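Q: I have not looked at this one before. Can you walk me through it?

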Amino acid sequence: MPKIHVNTIVNGDAVEFLCEPNETVLDVLRNELQLTGTKEGCSSGDCGACSITVDDRLVCSCLVLAAEAEGKVIGTIEGVADKDQLHIIQQKFLEHAALQCGICTPGLVVSVQALLKESPNPTEDEARLYLAGNLCRCTGYDKIIRAVMDAAETMRGAA
Amino acid sequence: MAITDYKMPQSLDEAVQILASSGKNIKVLAGGTDLIIQSKSQSSDPLQVLDIKSLKDMTSATIDGSGMSLGPAMSCAEFTARKDIKAVFPGLVEAAYLIGSTQVQGRASVGGNLCNASPAADTIPALIVSNAQCIIHGPDGERTIAVEDFVTGVGTNCMGRGELLAQIKIALPAPGTSDAYLRFIPRSEMDIAVAGAGVRITLDSAGCCTDARVAIGAVATTALLVPEAAKALIGTMLDDVALDAAANAASAASKPISDRRGTAEYRRHVVGVLVKRAAKIAAERVKGE
Amino acid sequence: MSDTNDFKYIGTRSIRPDGFDKVTGKANYGADLTLPGMLWGKMLRSPHAHAKIKRIDTSKAEALPGVMAITTYADFPSVSVEAIAAGEGSVDSLDLARNIMADGKVLYDGHAILGIAATTEAIAEKAVSLVEIEYELLPPVMDIRDAIADGATLLHDDLFTEGLDEKPANASNIAVRSAFQKGDIDAGFSAADVVVEREFYTPTVHQGYIEPHACVASFDQDGQSMIWCCTQGHFDVRASVAKLLSMSLSQLKVTASEIGGGFGGKTTVYLEPVALILSRKSGGRPVKMVMNREEVFKASGPGSATRCKVKVGAKNDGTITAMQGQLYYEAGAFKGSPAMLGGMCIFAPYDVENMDVECFDVVVNKPKVAAYRAPGAPQAAFAGEMVVSEIAAKLNMDPIDIRLQNATTEGTRAIYGPKYKSVGLVECLTAAKNSPHYQEALKNNQGRGIASGFWFNIGGQSSVTLNMNPDGTGTIVEGSPDIGGSRASMQLMAAEEMGMPPENFKPIVADTENVAYNQSTGGSRTTFATGMAIIKAAQDVKEQVKQRAAAVWNIDAELVEWVDGVVVNTSGDERLTVAQICAGADRTGGQISGRGNINARGAGPSFAVHVCDVEVDTDTGKVDVIRYTAVQDAGKAIHPSYVEGQYQGGAAQGIGWALNEEYIYNDDGLLQNAGFLDYRIPLASDLPMIDAIIVEVPNKLHPYGVRGVGESGIIPPLAATAYAVSDAIKAPIVDLPCSPVNVLKVIQNNV
């Protein structure tokens with residue numbers, strides 16, 4: 001099969017690319033589109049480092065074929081901040097030292113944004129379960145969850 | 001199998017027609033959370049995928065007086081958010097909710113979980129106790145199979161070339177009925193079920209069990225309907241004696257293996273524990289209504 | 001924690017200077033680099049645990065369009081048995097080479113055999129699948145007991161046990177024996193009223209970093225070869241690769257990308273030499289190589305499985321009279337487990353006269369182990385601490401009290417010889433005992449475990465340049481890859497020394513050509529040693545600033561004083577800021593640059609004490625960690641948030657090690673769970689909040705009192721968690737992991 005021509009929207013920008021049938025959105029983001037903020041940790045949907053949103057739905061980009069991006073709206077880590085203004089979630093991650101090596105951070109930030117959109121007032125247990133698919137090996141999750149709860153409270157206050 | 005071709009049919013008929021004429025290396029793509037991983041395996045056999053999420057009926061669900069009709073490719077995230085379905089089929093919804101992380105939920109589907117036919121699939125025991133019916137479309141028309149007959153072995157189902165699971169239909173349960181699904185995993189999420197149990201209970205106004213269905217998963221090559229476990233519950237008040245008998249029947253019916261996720265004896269023991277606990281939860285749900 | 005009024009910037013919770021890039025995805029990790037003309041490299045790996053390679057036919061692979069180069073072990077110029085610095089120890093370069101690409105024999109499932117570079121990733125993968133190899137299978141040796149048994153299949157015909165009184169006549173699978181003694185062990189046991197002896201097992205585990213190994217290498221005939229890679233020690237990468245490829249150090253530049261976790265596993269090389277050779281053979285085109293997750297588990301360097309026998313004797317009053325251990329560690333396919341380090345650490349928390357420890361390094365058909373956070377100590381401490389807690393239970397003593405009674409303090413003699421200088425074990429035990437956690441009562445099916453842990457921490461070589469800019473800001477040019485936020489601490493230490501705000505200083509991790517030699521990030525050395533180098537460089541800058549001010553004021557330099565970032569003429573009343581001096585530096589002799597190239601001495605050990613509460617579902621054996629407290633001595637916490645983060649992260653890894661993590665092999669020696677689905681590390685929903693309590697007993701040999709903290713935190717959790725399980729189910733635990741299957745078996749066997 002010749003390469004597939006895909007038109008999609010990434011972080012609000014119209015984007016087009018060619019892809020093989022077996023390439024995933026993760027492959028295309030990192031290789032074709034040079035958006036390397038989304039990370040590859042396992043390629044089997046077990047670590048969450050490649051988390052993005054597709055039509056506002058949180059997914060692992062390693063488990064979405066690039067061809068499926070046609071006509072969809074994709075959100076990656078690069079689209080979370082508002083130009084030079086960090087999102088509250090990103091700010092709280094920094095304040096709470098919720099990252100050490102930082103490799104899981106992009107996937108987590110995207111996932112937390114999805115969590116708080118769906119559930120603006122999560123309990124600690126709800127947040128932990130929602131984020132179960134985002135592995136972190138450095139922090140033990142403590143400061144991540146504190147950052148999430150603080151971000152949720154701040155965002156509710158700002159709303 | 002490396003994916004070498006990607007198609008999106010515009011109608012169910014077109015899907016059937018493509019499947020019927022494409023040789024054996026074609027698979028239906030729903031959420032892809034099993035298929036895409038499998039396609040990265042070492043074998044480089046070519047694989048065509050047919051993305052049926054383009055068909056609206058495959059990704060939506062309705063529930064009314066005649067029952068529930070579920071599009072097999074509807075994402076678990078959407079399915080489990082349906083409060084109207086959860087009110088009637090809490091066990092099925094909780095089974096679907098257990099498939100993987102939030103990210104996997106955004107893609108995985110009940111139909112995909114069923115068709116992939118892993119012995120440990122979470123939705124299958126719940127579908128079985130719900131008496132789900134599988135509506136299959138193929139070159140020779142439409143046919144209906146009870147879900148407990150749909151899966152034929154490890155990773156295999158009863159569909160032939162050109163056939164496609166088009167709908168899952170579940171009749172509304174009798175009043176006083178509820179269900180529950182429990183699975184055992186070593187962590188709190190993310191793991192493949194070591195054992196799974198779906199239980200549906202009907203209680204009369206006195207709290208006596210008048211009907212039951214028990215199905216177990218991850219303890220045989222396919223999920224198993226266990227009539228003996230149901231029989232142990234029917235006519236009882238679901239006291240400990242009855243529950244233990246059901247648990248023992250479930251353990252006795254299981255044919256588990258030992259692998260990287262658990263030993264056979266462990267699975268045999270735990271599936272009984274889960275049946276007992278799921279029965280209690282189902283009963284509490286009935287009483288809570 | 002000590003009063004932050006003692007310091008102006010140290011002890012504050014600043015925002016890390018690399019934060020914006022990390023939370024926006026802008027930071028570049030190992031796999032994030034693309035260069036013009038870049039090729040992709042893939043490894044071909046053994047599908048067998050133990051086999052001779054009879055024949056390799058690469059002709060079909062070579063013929064595939066797009067294939068540019070193929071490399072095997074034959075492409076290493078002759079390497080000799082010589083040590084190369086790597087992480088916290090050194091590695092034999094012959095073994096290193098044979099691990100990177102097999103020399104006639106494959107020794108584990110996933111052992112690399114050859115590398116192929118092609119114009120696309122897909123072509124490289126296809127080419128790998130076209131290589132034909134004929135193997136002669138050999139029996140796999142997968143367990144210590146099998147490896148040391150009489151008549152065991154040998155992995156290496158030329159491996160003779162070192163550390164015995166005489167070189168043995170026959171080769172074996174035991175690579176090294178080491179031993180330590182103190183006092184009279186037999187007398188110690190004779191004096192005991194209570195003796196407990198147990199044999200423990202811990203499985204092979206992986207550091208579990210989320211970022212797979214990745215590099216881009218570009219060979220250059222002008223001597224401008226470069227490697228970009230995620231590593232804990234880019235100077236060690238340079239040394240290893242130069243050694244293996246017979247290059248001089250000056251011909252190779254290594255740049256450390258941002259790194260997505262290492263924990264010791266990225267202190268050696270796997271892909272880098274292969275990628276550079278492929279680049280050379282492709283005419284100098286850059287070659288990118290990235291491991292997939294399966295390769296990481298199968299073919300990087302996990303942590304040793306162990307079998308440890310421990311025997312402890314104590315008097316009825318709680319005085320421990322004898323501590324003995326026999327520790328067997330798996331090295332994987334080539335020698336080099338941290339057995340000896342385990343032996344040095346196991347009884348370190350105890351001031352006991354009579355000790356005897358014997359350690360064995362054993363080869364098996366598994367990947368060659370690499371360092372894993374306090375290498376050797378967690379496994380040994382698991383065994384030692386479980387026995388001490390059992391003794392306490394037998395004597396009806398509180399498990400913290402028995403440890404307090406026998407605690408190592410300043411002046412206690414270590415089993416390996418020297419006396420400990422000031423240490424904070426007693427303070428940590430006391431803090432644990434007084435913690436809110438410890439006052440909580442337990443409920444049904446719940447249990448509690450206490451354990452302590454010790455790590456030496458190292459100093460070593462760090463080189464830093466502090467370059468002052470004309471606007472008075474400064475660039476801290478350092479060379480310690482930042483694995484956890486250390487640049488924040490570097491900024492705080494420079495700020496403290498210079499009396500200027502942290503934002504004034506920008507720390508950068510320079511490549512091997514732009515900063516002098518730095519030992520790798522490991523051994524809990526970075527804040528300590530690189531910090532010391534920064535302090536020295538800052539002091540150098542301050543001296544120069546004073547000299548320049550003296551020149552401006554035309555006075556003797558002794559009359560210039562430094563007061564909080566301002567220089568003052570004590571014989572007059574002029575003042576000049578650092579910024580003003582720097583702005584006029586061209587007129588006073590040129591730009592100001594301070595240097596601190598040191599071999600830091602005086603590293604202070606860090607003791608840790610953990611408290612773990614679990615609840616066990618006795619019908620299924622499932623363990624839930626319901627409360628956890630990690631106490632540890634930091635000496636002086638430069639950035640408290642990142643210190644707490646080290647405690648919490650170490651605890652999480654240790655909990656995973658205790659509960660669910662293990663390499664699972666089949667009878668053919670093939671790894672069954674080479675992925676995050678079935679290699680089960682803790683999830684966010686598996687853990688509670690982890691209370692991190694920072695104790696500060698200053699290390700008097702560091703200007704700010706710093707002790708390294710990165711490693712000690714992984715040592716107590718194995719026993720703290722496992723003992724808690726044992727306490728909950730009222731039965732002894734000797735095997736890890738405490739997976740539900742294993743725990744249920746113990747419950748059922750003890751009914």
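**Aromatic pairs and a sheet**

A: This is a predicted model, and the structure holds 17 aromatic pairs over all chains.

Q: What is the geometry of the pair formed by F297(C) and F676(C)?

A: That aromatic pair is edge-to-face, with 5.5 Å centre to centre and 85° between the planes.

Q: Where do F297(C) and F676(C) lie?

A: F297(C) is in helix α9 (residues 293-299) of chain C, and F676(C) is in the loop between α18 (640-659) and β28 (690-695) of chain C, so the pair ties together parts that are 379 residues apart in sequence.

Q: Is F297(C) buried or exposed?

A: F297(C) counts as buried, at 0% relative accessibility. F676(C) also counts as buried, at 1%.

Q: Which residues form one aromatic cluster?

A: Y416(C), Y420(C), F454(C), W455(C), F456(C) and F607(C).

Q: New topic. What order do the five strands of the open sheet in chain C take?

A: The order is β9-β17-β16-β15-β10, with mixed pairing. β9 (174-182) and β10 (194-202) of chain C stand at the edges with a single partner strand each, so one side of each has no neighbour in the sheet. From one strand to the next, the twist averages 10°.

Q: Which helix packs on the sheet?

A: Helix α11 (residues 377-394) of chain C, which touches β10, β15 (306-314) and β16 of chain C. The direction of α11 makes about 145° with that of β10(C).

Q: And how many bridges join β16 to β17 in chain C?

A: Nine, and the two strands run parallel. Q324(C) stands opposite D356(C) in β17(C).

Key. Residues numbered from 1 in each chain as written. Chains lettered and ligands numbered in written order. Predicted model: local features only at pLDDT ≥ 70, side-chain atom pairs only at ≥ 80, totals over all residues. Heavy atoms only, no water. Pairing = 2+ DSSP bridges. Helix = DSSP H or I, 4+ residues; strand = E, 2+ residues; numbered from the N terminus. Axes fitted to C-alpha atoms, helices over the stretch in contact; angles between N-to-C directions. Contact = heavy atoms within 4.5 Å. Phe/Tyr/Trp six-rings, centres within 6.5 Å; stacked < 30°, edge-to-face > 60°. Buried < 20%, exposed > 50% of the residue type's maximum accessible area, 1.4 Å probe, protein only.
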